[in-house]
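Dear colleague,

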Amino acid sequence: MTRGEIGALLLDMDGLLVDSEPLWFELEQGFCRDRGFAWTEADAVSCLGRGLRATLAEMGKRFGFPLDLDRDAAWVMERFVERVGDLRLKPGAEVLLDAAEGRVGLALASSSPRRLVGAVVERFGLRPRLGAVVTGEDVERLKPEPDIFLQAAAELRVPEARCAVLEDSLAGATAGRAAGMIVVAVPEGSWEGRGFEAVADVCVRDLVEAGRWLGLLD
């Protein structure tokens, strides 16, 4: 298949379409600090793409403090929703969405809970552009398993092999590869030595470069 035969873009949300990772880090760091521990940027990066509950579970495992995942995830989620107005789209997001709309299917495919995804979709008025929205609550297994992307492709009615996954996290890129899709990695910062080359068809610097590689932008 050539890039010109792509039938759908499956977009991650946090860190790919929306510049939300700084807010996530601030909230995670505060949650850990309140319990007497330091959550570093390296800690946060190691959990990228795996969802809020997995991140909290990793905190409990590393530092040994007790967790109630339902309660604690709900607490962090509410703090995020309260701050959703502070978020901005990533550079090139509007350009890519404008170029893709009406030409290929578009889906948001995020490990985040439905309430968080819904808040972001509403914040940026994305729903009319999207043929599908798949969240971490809609599938059995989260990234790096392929379930979210397979569900998105099914809802768009586009064969997996004709879908392109855009991801900023290694877990997400791994999920896209496991789903049998084209994988475009858009990591924050340098991707060398982080494992992206092993699972992505291409690594690019931003969403405009991704759109050009996919043949959607000049």
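The notes below take up a pair of helices and then the cysteines.

Please keep in mind throughout that this is a predicted model.

The helix pair consists of H1, which covers residues 21-33, and H4, which covers residues 69-82, and these two pack with their axes 10 Å apart and at an angle of about 135°. Because angles over 145 degrees would be needed for roughly antiparallel and 65 to 115 for roughly perpendicular, H1 is classed as oblique to H4. The crossing in which H1 passes H4 is right-handed. On the H1 side the contact is made by Leu23, Trp24, Leu27 and Phe31, while H4 contributes Asp72, Trp75, Val76, Arg79 and Phe80.

As for the cysteines, a search of the whole structure returned zero disulfides, a disulfide being counted when a pair of cysteine sulfur atoms lies within 2.5 Å. For Cys32, the closest cysteine sulfur is that of Cys47, and since the distance is 10 Å, it is too far for a bond. Cys203 likewise takes part in no disulfide, the nearest cysteine sulfur being that of Cys163, 20 Å away. Cys32 has a relative accessibility of 0% and therefore counts as buried, and Cys203, at 13% relative accessibility, also counts as buried, given that the cut-off for buried is under 20%.

Definitions and conventions. Residues numbered from 1 in each chain as written. Predicted model: local features only at pLDDT ≥ 70, side-chain atom pairs only at ≥ 80, totals over all residues. Heavy atoms only, no water. Axes fitted to C-alpha atoms, helices over the stretch in contact; angles between N-to-C directions. Helix = DSSP H or I, 4+ residues; strand = E, 2+ residues; numbered from the N terminus. Parallel < 35°, antiparallel > 145°, perpendicular 65-115°, else oblique. Left-handed = near helix turned anticlockwise from the far one by under 90°. Contact = heavy atoms within 4.5 Å. Buried < 20%, exposed > 50% of the residue type's maximum accessible area, 1.4 Å probe, protein only.
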